[in-house]
Amino acid sequence: MENQKFIVLSICLSLLITIASAQNSQLRQNFYQNSCPNVESLVRSAVQTKFSQTFVTAPAVLRLMFHDCFVRGCDASVLLSSPNNNAEKDHPDDISLAGDGFDTVAKAKAAVDSNPRCRNKVSCADILALATRDVVALVGGPSYSVELGRRDGRISTKASVQRKLPHPTFNLDQLNSMFASHGLSQTDMIALSGAHTLGFAHCGRFSNRIYGFSPTNRIDPTLNLQYALQLRQMCPINVDPRIAINMDPTTPRQFDNAYYQNLKNGKGLFNSDQVLFTDSRSRGTVNLFASNNGAFRQAFVTAITKLGRVGALTGNQGEIRRDCSRVN
């Protein structure tokens, strides 16, 4: 009997320890208040400097965070380099990630580590999350509190990217399924898609919509015809594969709800954009965000906060990388 009591007590104790350590390792906004209290201003200053040199900083950092979190979680594994080109960033779905995004994180990391109190205390994953918030604010988007306490992953492989990122051809079911696998709702997915208000896409990513949609329709009928003809001018058939087009044809340098207004006018560049309006199940949310920028901003903050929790390593998992491009 005494033995059974002891076993029950041991189980209860171990459960309490597990719960306590889980709570201690949760992401929280004031994670660095004792170890590096000015981490946010150090990162913001580095991001502002980089942004003043090139606008590409904003869409590049935002896209980098999304691509990181959807593969192995938000562990900065997308930043790792491989001597034999076998890292995440070497996968075809990641090869177009702009170098300015990687450079922004490296510069912010150097700024943080130049402070003796902060050296080797702040993860690359947290720096990427902070830099993402800062670029969104710099281009007119919402500023929001960032949960911190992520650790950096030690694994980055090309194979792990396969079928982990949404493709331009996706329909609503495919989008919802992929986002739901990370605990993100349809509303979260539509709000995060609004990041396409910034940035650009290479012609090859959407050329099938303007040249070879189907045997009966060369141009995708859900695409605004005038817009499709403009895209053909910018992306002729034998176009240089390096040519890229603004995702948002109206306000490409402003984080706003024009993306959703464009969808209502048949000006979603990818099928995965336009389907949000053509599918009746998501149209209501597009209409809401198109008419109410405040509703979009609020939904985006909710969604990117949830995205930042995906697969985060905490506590004593992973490491704090000294160089964001290589494991310690």
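1. Helix α4 covers residues 99–113 in this predicted model. Its length checks out: at 1.5 Å a residue, 15 residues should span 21 Å, and the end C-alpha atoms are 21 Å apart, so the two agree.

2. Which residues of α4 are buried? They are Gly101, Phe102, Thr104, Val105, Ala108, Lys109, Ala111, Val112 and Asp113. Lys109 and Asp113 are worth a look, being charged residues on that buried list. The cover over the buried residues of α4 includes α2 (39–53), α3 (57–69) and α5 (124–138).

3. Now the loop between α3 and α4, where Glu88 sits. Glu88 is buried but makes no salt bridge. The nearest side chain of opposite charge is Arg72, 4.8 Å away.

4. What does Glu88 touch, leaving out residues up to four places away in sequence? Its contacts are Val71, Arg72, Ser77, Val78, Asp94, Ile155, Ser156, Thr157, Lys158, Ser160 and Val161.

5. Ala76 is not a glycine, yet its phi is positive, about 60 degrees. Ala76 counts as buried because its relative accessibility is 0%.

6. Asn85 also lies in the loop between α3 and α4. Its phi is positive too, near 55 degrees, in a residue other than glycine. Asn85 has 48% relative accessibility, so it counts as partly exposed.

7. On annotation: an unreviewed UniProt entry places "domain: Plant heme peroxidase family profile" at residues 26–328. That span is 44% helix and 2% strand, and its end C-alpha atoms lie 24 Å apart.

Terms used. Residues are numbered from 1 along each chain as its sequence is written. This is a predicted model: local features need pLDDT of at least 70, side-chain atom pairs count only at pLDDT 80 or more; totals for chains, interfaces and linings use all residues. Side-chain values use heavy atoms; hydrogens and water are left out. UniProt positions are given in the numbering used here, feature names are shortened, and annotations may be inferred rather than shown by experiment. Helices (H or I, at least four residues) and strands (E, at least two) are DSSP runs, numbered from the N terminus. The expected span of a helix is 1.5 Å times one less than its number of residues. Buried means under 20% relative accessible area, exposed over 50%, partly exposed in between (1.4 Å probe, protein chains only). Contact means heavy atoms within 4.5 Å. A salt bridge is a side-chain nitrogen of Lys or Arg within 4 Å of a carboxyl oxygen of Asp or Glu.
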